[in-house]
Amino acid sequence: MKKTSASPTSTRTLAATPTPATPASTLSDDQMQALAQSFHDIAVEIAQVRLDAISAGAQLTDPRIVQLQGNVFSLQNAASSFALQAANLTLDNADQAVAEISAATQTADHALDKLKDIDKAVNIASSVIVLAMAITTKDIGQIANAARSVITAAGVSA
């Protein structure tokens with residue numbers, strides 16, 4: 001299994017299960033703010049893909065355009081939620097989880113830059129929303145799987 005970092009062409013190994021010896025730890029305010037910023041940035045990128053598609057002739061009533069708008073709202077809500085939760089989220093292997101989430105969101109953000117394919121934008125946005133939901137489960141396995149799904153949706157092997 002591979003995982004990307006900031007560049008969609010680079011890879012690093014992704015652990016699928018947590019190390020049992022690592023105790024649960026609370027994410028710091030800085031980590032939660034970084035997660036909030038990542039989800040906000042992806043929402044902005046999805047909104048731009050939507051606006052570009054409309055400028056190119058897509059109709060506001062196009063189901064994919066409507067879905068992108070819903071995805072923007074969902075991602076903005078996730079970003080706000082993470083910003084508000086601050087240090088209240090405790091995860092096993094918090095550093096590993098943050099690294100996986102960060103790599104996935106960076107890959108998605110890069111994939112969305114100047115993206116013209118609405119269907120791919122919908123897939124990326126949907127996978128990032130699933131990642132946001134996985135984070136709230138506090139299950140490192142679900143977070144890792146969702147992070148891999150984001151990377152795959154962005155068009156990079158996970």
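What percentage of the 158 residues in the chain do buried residues make up? Buried residues account for 42% of them, where buried means under 20% relative accessible area, exposed over 50% and partly exposed in between, with a 1.4 Å probe and protein chains only.

The legends below describe a predicted model, in which local features need pLDDT of at least 70 and side-chain atom pairs count only at pLDDT 80 or more, while totals for chains, interfaces and linings use all residues. Residues are numbered from 1 along each chain as its sequence is written, and side-chain values use heavy atoms, with hydrogens and water left out.

**View 1. Overall arrangement of the chain.** The chain holds five helices and four strands, and from the N terminus on its elements follow the order β-β-β-α-α-β-α-α-α. Helices (H or I, at least four residues) and strands (E, at least two) are DSSP runs, numbered from the N terminus. Of the contacts in the chain with a separation of 6 or more, 77% are between residues 24 or more positions apart, a contact being heavy atoms within 4.5 Å.

**View 2. Helix 3 against helix 4.** Helix 3 (residues 94-112) packs on helix 4 (residues 118-137) at an angle of about 160°, and their axes are 11 Å apart; axes are lines fitted to C-alpha atoms, for helices over the stretch in contact, and angles run from 0 to 180 degrees between N-to-C directions. The two helices are therefore roughly antiparallel to each other, given that angles over 145 degrees count as roughly antiparallel, under 35 as roughly parallel, 65 to 115 as roughly perpendicular and the rest as oblique. Ile101, Ala104, Thr105, Ala108, Ala111 and Leu112 of helix 3 meet Ala121, Ile124, Val128, Leu131 and Ile135 of helix 4. By class, this contact of helix 3 with helix 4 has ten nonpolar, one polar and no charged residues, where Ala, Val, Leu, Ile, Met, Phe, Trp, Tyr, Cys and Pro count as nonpolar, Asp, Glu, Lys and Arg as charged, and the others, Gly among them, as polar.

**View 3. Helix 3 against helix 5.** The axes of helix 3 and helix 5 come within 8 Å and cross at roughly 15°, which makes helix 3 roughly parallel to helix 5. Gln96, Ala97, Glu100, Ile101, Ala104, Thr107 and Ala108 of helix 3 make the contact with Ile140, Ile143, Ala144, Ala147, Val150 and Ile151 of helix 5. By class, the contact of helix 3 with helix 5 has ten nonpolar, two polar and one charged residues.

**View 4. The largest nonpolar core.** The largest nonpolar core has 47 residues, of which Phe39, Ile46, Leu75, Phe82, Ile124 and Leu131 touch the most other members; such a core is a set of buried Ala, Val, Leu, Ile, Met, Phe, Trp, Tyr and Cys residues joined through side-chain atoms within 4.5 Å. Two or more residues of this core come from each of helix 1 (29-55), helix 2 (63-85), helix 3, helix 4 and helix 5 (140-153), and helix 4 gives the most, with eleven residues. Leaving aside neighbours within four places in sequence, Ile46 is in contact with Leu68, Val72, Leu75, Leu112, Ala121 and Ala125.

View 5. Ser127 has its place in helix 4 and counts as buried at 10% relative accessibility. Not counting residues up to four places away in sequence, Ser127 touches Ser149, Val150 and Ala153. Lys138 lies in the loop between helix 4 and helix 5, where its phi is near 65°, a positive value in a residue other than glycine. With a relative accessible area of 40%, Lys138 is partly exposed.
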